[in-house]
Amino acid sequence: MFPVYLKLGFEHIADIQAYDHLLFLVALCAAYSYTEWKRILVLVTAFTVGHSITLALSALDILHFNEQLIEILIPITILLTALRNLIFKKKDEKIWNPSYLLPLFFGLIHGMGFSAYFKSLLGKEADIVLPLFAFNVGVEIGQVCIVAMIMLINLIVIRGIHLKQKNWNMAVSIAAAVLAGYLIIQRI
């Protein structure tokens, strides 16, 4: 059972049709250079924790929500992440650093978006602990692989074309914000 849910978690993240999740990871990573990989891993893990919490609460029938609202909130999290990248500077994080709380909170929302499907996968499973753990380990592995690819692209662009990190952040964040805006309009 563990390998099945592990694979499902990995596929959930790596699925190109789930591009909203991929776009969130791209926006999340845009403000950071490849040298800040440890910090990015903490941010991604905070997102996974939030994702896990809502999956668990939904699977246990503790949490109920409007699925249509969640489908709109997901691209809003991408837009807010991209805007945060464009508005706040690294020096601002010394004054107010929501960096770790935002991915956790946004993970809660993204987890709600997948919870109905996850609940259907569980079916009549009596114990959700192992499937939930395996699924979220798969999600984390998938996210780490995607983040590694994003950071590799960052390294190639920053070192290869000598683009400044702030210009990379601006270009990627604007692109993510535009795509998120399109998704919001599409889902409304």
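## How α2 and α7 meet

Let's start with a pair of helices: α2 and α7 cross in a left-handed way. A crossing is called left-handed if the near helix is turned anticlockwise from the far one by less than a right angle, and right-handed if clockwise. The helices here are DSSP runs (H or I, at least four residues), numbered from the N terminus. This is a predicted model, in which local features need pLDDT of at least 70 and side-chain atom pairs count only at pLDDT 80 or more, while totals for chains, interfaces and linings use all residues. Residues are numbered from 1 along each chain as its sequence is written, and side-chain values use heavy atoms, leaving out hydrogens and water.

Two packed helices are described by the angle between their axes and the distance between the axes. For α2 and α7 the angle is about 150°, and the axes lie 9 Å apart. That makes α2 roughly antiparallel to α7. Angles run from 0 to 180 degrees between N-to-C directions, and the axes are lines fitted to C-alpha atoms, for helices over the stretch in contact. Under 35 degrees counts as roughly parallel, over 145 as roughly antiparallel, 65 to 115 as roughly perpendicular and the rest as oblique. On the α2 side, the residues that meet α7 include Tyr19, Leu23 and Ala27; among their partners in α7 are Trp168, Val172 and Leu183.

## Helix α1 and its two faces

Helix α1 covers residues 2-14, and its 13 residues should span 18 Å at 1.5 Å a residue, which agrees with the 18 Å between its end C-alpha atoms. The expected span is 1.5 Å times one less than the number of residues.

Which residues of α1 are buried? They are Tyr5, Gly9, His12 and Ile13, where buried means under 20% relative accessible area, exposed over 50% and partly exposed in between (1.4 Å probe, protein chains only). Seen down the axis of α1, these buried residues fall within an arc of 90°, so they line one face of the helix. The arc is that of the directions from the helix axis to the C-beta atoms. An α-helix has 3.6 residues a turn, so residues three or four places apart point the same way. Turned away from the buried side of α1 is a face with the exposed residues Pro3, Val4 and Lys7. The cover over the buried residues of α1 includes α2, α3, α5 and α6.

Helix α6 has 32 residues and reaches 45 Å from its first C-alpha to its last, close to the expected 46 Å. It packs against α1 at an angle of about 40°, with the axes 6 Å apart. The two helices are therefore oblique to each other, and α1 passes α6 in a right-handed crossing.

Within α6 you will find Gln143, which counts as buried at 0% relative accessibility. Beyond its neighbours within four places in sequence, Gln143 is in contact (heavy atoms within 4.5 Å) with Ile13, His21, Leu25, Val44, Phe47 and Thr48.

## Two residues with positive phi

Most residues other than glycine have a negative phi. Asp61 is not a glycine, yet its phi is positive, about 60°. Asp61 sits in the loop between α3 and α4 and counts as partly exposed at 44% relative accessibility.

His162, also not a glycine, has a positive phi of about 60°. With a relative accessible area of 68%, His162 is exposed.
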